[in-house]
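Dear colleague,

I am passing a structure on to you below, and after it you will find notes on what turned up in it. Please read the notes with the structure open beside them.

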Amino acid sequence: MEGPGATNLTLSSVGCSWADYDRDGFLDLFVANSGKPSELWHNKGDGSFERVLAGAIVTNIADSIAAAWADYDNDGWPDLFVANGLGAGSNQKNFLYHNNRDGTFTQIKTGAIVNDLDQFIGAAWGDYDNDGFLDLFTTGGGLGHHNYLYHNNGDGTFTSITTGPIVNDRGTFIAAAWADYDNDGWLDLFVGNRTLGQGNFLYHNNGGGTFTKVITGPIVEDRDLNGACAWGDYDNDGFSDLFVSGQDYRAPNSGQSRLYHNEGTTNNWLKIIPHATRSNASAVGAKVRVTAIINGKTVTQLREINTGDGLAGNSQEALFGLGDTNAAASVSIEWPAGTVQVMTNVPAQQFLTVIEPAALKALAILPNGSFQFSLTGGIGLHYVLETSSDLGNWTFWTGVTCTNRTMTLTDTNVSTSSKRFYRAVKR
């Protein structure tokens, strides 16, 4: 990584995570450091980075372990949670930074989410109750500690959940990751354990805000010491598989990693693969929502595309369980660039690649009466430009293949005395 001071820093870096925090179309990097200020590297868009030097997000000092980006208040801008506490072996508070939408962040200082004390190590965002807002699970890394689940109240605040095995089981926890492993429409949770002789934890979502602890099967019966974890449908059968890395701290460079294949259920599924053209290339930060009638009830699920928290992560494809329904009533994608794309009556049991729509922006009416505007789309993609006077009937105007991300187009056949609408359709 190039940038001012990037090659001569002496820091104890642990976790890291990417996000386009300023929504300029390029992914930026946060690096969690233990015992020293963490780092935020702004992507300059030319292959280089510059270090952000101002603000609590890069001046606070803690034993920071994991960093997890998420738009927790649904304002379209990624916020950041940082898990603290393991490095010094003492209890610490976590950090939560709200994105001010101008390149700066405000540190949130109220609520249990930033005032609970523990040796925190892992963090995972997921909308476990399907209310449209991302909730947060954090792991307690101390010997015999418990974990934490913070329910998003939808108003910028969180409530700490204190009942159920998901927050009362004891162990020495590390990474955690959400996935709907049985495709019933509700996110389940895997939690890795580092206690000698004790298995991992898998919690099945009951769909009413509670969880049942799974007590049988190799995922929870294996007795390895674990590190990172990730869910992903590696064989494209529509069911999330699990990888858990081995980490035996008693013997460096040892430990048994394991891959668990999901044998599946009879439940249906839908996989959405976002392909960005205007937003950052990996569509990180895109929010995918799927609404379907599952077991007679209307359920809307949310997945936000992210890069994990440095200790755990999932595939950047959005996999949804649809239970007994064979089609989603609607699929919507909120792209980081600001466009909302909606599709209806989408059949289940398919891999659906969705390409971000192009954007048109008026630039000027030239002295000769010509109309000039810009087209922002995917490089190498071909678009047909159509015009209309009533938004009902559209006629072909021209076709263009994007050789640059943004191209300037001019229509010389314009009458300023009448309405003229434009749209770009990918072909």
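How many aromatic pairs does a search of the whole structure find? The search finds 23 aromatic pairs, and please keep in mind throughout that this is a predicted model.

Aromatic pairs

One of these pairs is made by tyrosine 21 and tryptophan 69, whose ring centres lie 6.5 Å apart and whose planes are at 5 degrees, so the pair is stacked, the cut-off for stacking being under 30 degrees. The two residues come from distant parts of the chain, since tyrosine 21 is in the loop between β1 (13-19) and β2 (28-33) while tryptophan 69 is in strand β5 (residues 64-70), and they are 48 residues apart. As for accessibility, tyrosine 21 has a relative value of 4% and therefore counts as buried, and tryptophan 69, also with 4%, counts as buried.

A further stacked pair is that of tyrosine 72 and tryptophan 125, with ring centres 6.3 Å apart and planes at 5 degrees. Because tyrosine 72 lies in the loop between β5 and β6 (79-84) and tryptophan 125 belongs to strand β9 (residues 120-126), this pair ties together parts of the chain that are 53 residues apart in sequence. Tyrosine 72 counts as buried at 2% relative accessibility, and tryptophan 125 counts as buried at 10%.

Elsewhere, one aromatic cluster is formed by Tyr128, Phe137, Trp178 and Phe211.

Charges over rings

Which residue lies over the face of tryptophan 77? That residue is arginine 23, at 4.3 Å from the ring centre. In another such contact, the ring of phenylalanine 26 has the charged end of arginine 405 sitting over it, 5.7 Å from the centre of the ring.

Positive phi values

Asparagine 183, which is in the loop between β13 (173-179) and β14 (188-193), has a positive phi near 60 degrees. Asparagine 236, which is in the loop between β17 (226-232) and β18 (241-246), has a positive phi near 55 degrees.

Are these residues buried or exposed? Asparagine 183 has a relative accessibility of 0%, so it counts as buried, whereas asparagine 236 is partly exposed because its relative accessible area is 43%, a value that falls between the cut-offs of 20% for buried and 50% for exposed.

Strand β29 and its partners

The last item concerns strand β29 (residues 371-376), in which 5 of the 6 residues are buried, so that the strand is largely enclosed by the rest of the structure. With strand β28 (residues 359-365), β29 runs antiparallel, and 6 bridges join the two; here isoleucine 365 stands opposite phenylalanine 371 in β29. The hairpin of β28 and β29 has 5 residues between the strands, and in this hairpin glycine 369 takes a positive phi near 90 degrees.

Strand β29 also pairs with strand β32 (residues 406-411), again in the antiparallel sense, over 6 bridges. In this pairing, threonine 376 has threonine 406 in β32 as its bridge partner.

With best wishes

Conventions. Residues are numbered from 1 along each chain as its sequence is written. This is a predicted model: local features need pLDDT of at least 70, side-chain atom pairs count only at pLDDT 80 or more; totals for chains, interfaces and linings use all residues. Side-chain values use heavy atoms; hydrogens and water are left out. Rings of Phe, Tyr and Trp (its six-membered ring) pair if their centres lie within 6.5 Å; planes under 30 degrees apart count as stacked, over 60 as edge-to-face and the rest as tilted. Helices (H or I, at least four residues) and strands (E, at least two) are DSSP runs, numbered from the N terminus. Buried means under 20% relative accessible area, exposed over 50%, partly exposed in between (1.4 Å probe, protein chains only). A charge sits over a ring if NZ of Lys or CZ of Arg is within 6 Å of the ring centre and within 35 degrees of the ring normal. Two strands pair if DSSP finds at least two bridges between them.
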